[in-house]
4 protein chains.
Amino acid sequence: MEKLSEGFFDSSMNSREHAIFEVGIKLAAIYHIMIGIPVTNEINIKKKIADGIIAAISCQPFVKKVEIGIKDTLGQLGQKFDKEHEFDYTYVSGKNLFAKVEVKYDNWIAVGYVEWVSDLNYPLMYIKELREDPETEQKTNTECP
Amino acid sequence: MEKLSEGFFDSSMNSREHAIFEVGIKLAAIYHIMIGIPVTNEINIKKKIADGIIAAISCQPFVKKVEIGIKDTLGQLGQKFDKEHEFDYTYVSGKNLFAKVEVKYDNWIAVGYVEWVSDLNYPLMYIKELREDPETEQKTNTECP
Amino acid sequence: MEKLSEGFFDSSMNSREHAIFEVGIKLAAIYHIMIGIPVTNEINIKKKIADGIIAAISCQPFVKKVEIGIKDTLGQLGQKFDKEHEFDYTYVSGKNLFAKVEVKYDNWIAVGYVEWVSDLNYPLMYIKELREDPETEQKTNTECP
Amino acid sequence: MEKLSEGFFDSSMNSREHAIFEVGIKLAAIYHIMIGIPVTNEINIKKKIADGIIAAISCQPFVKKVEIGIKDTLGQLGQKFDKEHEFDYTYVSGKNLFAKVEVKYDNWIAVGYVEWVSDLNYPLMYIKELREDPETEQKTNTECP
């Protein structure tokens, strides 16, 4: 499949670098879409929120696989946060959001993560794995992974 | 159930007015969370995205019911937009987002909408219905509608 | 000035209730737009971010005045958070965002706030003041407050 | 300057690739933060909104320079959109947002853009330029460009 956007890019970019770029875009998109969404600690509610954004991002160009999770918010003594009154809920933040995105561009796969890193006190986005995949076929347009 | 937040409000506000305030908050929350989410015209993808935000908002204080839809994006001649190349998708915007939220505060119900109004060229948020509900019981904390 | 949107609303809504609805919309818009914006504790940076959103919201229908602040993020012992390494910054959250919005609809003014309330462990949106303003003139279209 | 995050990354990633990754993150962050912000065609309002997000992103790790613009929204016959009634404004969308971000990682500079591409009918994010910069000094922590 031709890539209609390729003419816009610096011509020195190779497929591995395109995969790296795309995974950066997808991680930041997930993060900024989800931050602030109200959420309870009910596992079904969290799963539905995550499934919606997984569906949205999975259909974007070059995306092979998306995993998203919203961790339990812990109370001040580390115990699980429980609803005790009508305002007793929380929202998606840099501290409880986790996502993993796998992007494929030609024969290169980039696997990126966003998650809270306590040592940095920061929701870090990083690429954990870069590898070649011998199967060079791209996903077709009508199919979402 | 006591309302922990009531002391913060202007004491002249009645239950009907609280319901009006809460429905305004929820409509704008849905709108600003969802705008920009990438979406295809696949009905299943749209449904999953909508279901995730419905779950998130349904668990917020005073919310009784939420409906959300993402309308098909039409092409330039009004035909349904179809994926023809890898960038052939769209995103949630003021033009294709529809939501209906029902809020209950004590015995008052406010039903609000956000949807594109062609005559105003604007994604209007409005309250279509205000009514008293004789059943004064609030939802409990652990239950999402 | 005629209000083009009035026909969409429940006809029993009065001007005071319209003001209440609009202030709810604006508070939630500010909150969901700003949550997740990266920010340092530099006062100039915070001011520019706040000024941008103040400008955006001030031009919306019925808005008279907007104040927005991003409080300093405190470290674990309560001291002011300082940049010590390249990831040493934070982002706008429910805990550090403060906003005050004044809306006028006909002769009614509603003043709403969003701010973190420690007792509720929650970013509460509330209306602190509702009052009539004898000056019934609306702002004109081309003017932003 | 040590990079505290480097241990998280695939160890085969070089500085050029890190720059590519970071510019992808920043472009998507700008896009998803800004989409949906209400805006008029007043040049001062647009400038303030852009300046706020420029300030926010400029302080992020590895960012050297940020430019953001919000193009005028055109009416149906291509004329400039003008405010004629109280709902006569628009909001930031994929069609009117333009941003350019320059990232530096060690000695590599990546210059990325997001802008509407009519041929693709899509807000494309792309890297226009990749180059080495002999001046290898990173910005310091306390300084925002």
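V103 of chain A stands opposite A110(A) in β5(A), where strands are DSSP runs of E with at least two residues and helices are runs of H or I with at least four, numbered from the N terminus. This is a predicted model, in which local features need pLDDT of at least 70 and side-chain atom pairs count only at pLDDT 80 or more, while totals for chains, interfaces and linings use all residues. Residues are numbered from 1 along each chain as its sequence is written, chains are lettered from A in the order in which they are written, and side-chain values use heavy atoms, with hydrogens and water left out.

**Sheet of chain A**
- Strands β4 (residues 97–105) and β5 (residues 108–117) of chain A run antiparallel and are joined by seven bridges; two strands count as paired if DSSP finds at least two bridges between them.
- Both belong to an open, antiparallel sheet of four strands in the order β2-β4-β5-β6 (chain A), whose edge strands, β2 (63–70) and β6 (122–132) of chain A, each pair on one side only.

**Interface of chain A and chain D**
- In chain A, 31 residues are in contact (heavy atoms within 4.5 Å) with 31 residues of chain D.
- The rule finds two salt bridges across this interface, a salt bridge being a side-chain nitrogen of Lys or Arg within 4 Å of a carboxyl oxygen of Asp or Glu.
- R16(A) forms a salt bridge with E17(D), with the closest N and O atoms 2.6 Å apart.
- The elements giving two or more residues to the side of chain A that touches chain D are α1 and β6 of chain A, and the largest share, 12 residues, comes from α1(A).
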